[in-house]
Amino acid sequence: MMTASDTTTGANDPVALRDPARLLLPAVLLIEDDPNLGAMTSEMLQPDYRVDWVETQAAARDRLRRAGYDALIVDRRLPDGDGLDLVRTLRGGGMTVPVLVLTALSGVDDIVTGLDSGANDYLSKPFHFVELEARLRALLRGFHAQSASISIGDWTLKPGSNAVEDPDGHSVALTDAETKLLTVIAGSPDHVFSREELLGRVFNEGADMGTVDVYVSYVRGKTTRGIIDTVRGRGYRIGSPVAQ
């Protein structure tokens, strides 16, 4: 039987090393402790998504420290507590990734609690897989529309175009890695990112801590030093550069 530890096809997908086209697929973290449902859901999603499947909040936190995801699917009744605790923690830390709660707790009060805790959508078990897929597509469409441009002080980041516009409207080209670095940091404006966290979420395996500093320097050199703030002893957070 497939187990959660067997599924590493998501943000750190080894198959993508052999099939680079899979890198273009959205990465989904599935947090589900039921072995049958977890295996089935992971397998059904894999043609269209890169899926990592874990069974506990602790394992999910570990994956999220090391990699970035386009969406999370979260069960509530997990071995180490209510999955909504994880959602609240992520939202409290400024993480904006879309979250779909998938659970047998289907009462109106349960749904309201889930949405008020930071979930973007709530699907009750048992469910039709086609509905799960449709809801996941809708979540990703909405999130990508919101992130079509990101204001950073008087600058505007356009992730889809690998570019950032200065206060005068002039476009500055960025590399894929520079765009991803700036998008990740700007996506959680109240969060201070450690170098280890950025290394896992932005760069490929084999990169070292110095890579983070180098690319922060590249982004600052192309734009303005104030676009990324250094928090001494902790890491980096997004700045608020203004026109001079």
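In which sense do strand E12 and strand E13 pair, and over how many bridges? Strand E12 (residues 228-231) and strand E13 (residues 235-238) are antiparallel, with four bridges between them; pairing requires that DSSP finds at least two bridges. Helices (H or I, at least four residues) and strands (E, at least two) are DSSP runs, numbered from the N terminus.

Colleagues, this is a predicted model, in which local features need pLDDT of at least 70 and side-chain atom pairs pLDDT 80 or more, while totals for chains, interfaces and linings use all residues. Residues are numbered from 1 along each chain as its sequence is written, and side-chain values use heavy atoms, without hydrogens and water.

Three residues lie between the strands, and Gly 233 takes a positive phi near 80 degrees.

I turn to helix H9. Thr 211, Val 212, Val 216, Val 219 and Arg 220 are buried there, that is, under 20% relative accessible area with a 1.4 Å probe, protein chains only. The buried residues of H9 pack against helix H7 (176-187), helix H8 (195-202), E12 and E13.

Finally, the cores. A nonpolar core is a set of buried Ala, Val, Leu, Ile, Met, Phe, Trp, Tyr and Cys residues joined through side-chain atoms within 4.5 Å. The largest has 24 residues, and Ile 185 is among those with the most contacts inside it. H7 supplies the largest share, five residues. Beyond its neighbours within four places in sequence, Ile 185 is in contact (heavy atoms within 4.5 Å) with residues including Phe 193, Leu 198 and Ile 228.

Key:
Buried means under 20% relative accessible area, exposed over 50%, partly exposed in between (1.4 Å probe, protein chains only).
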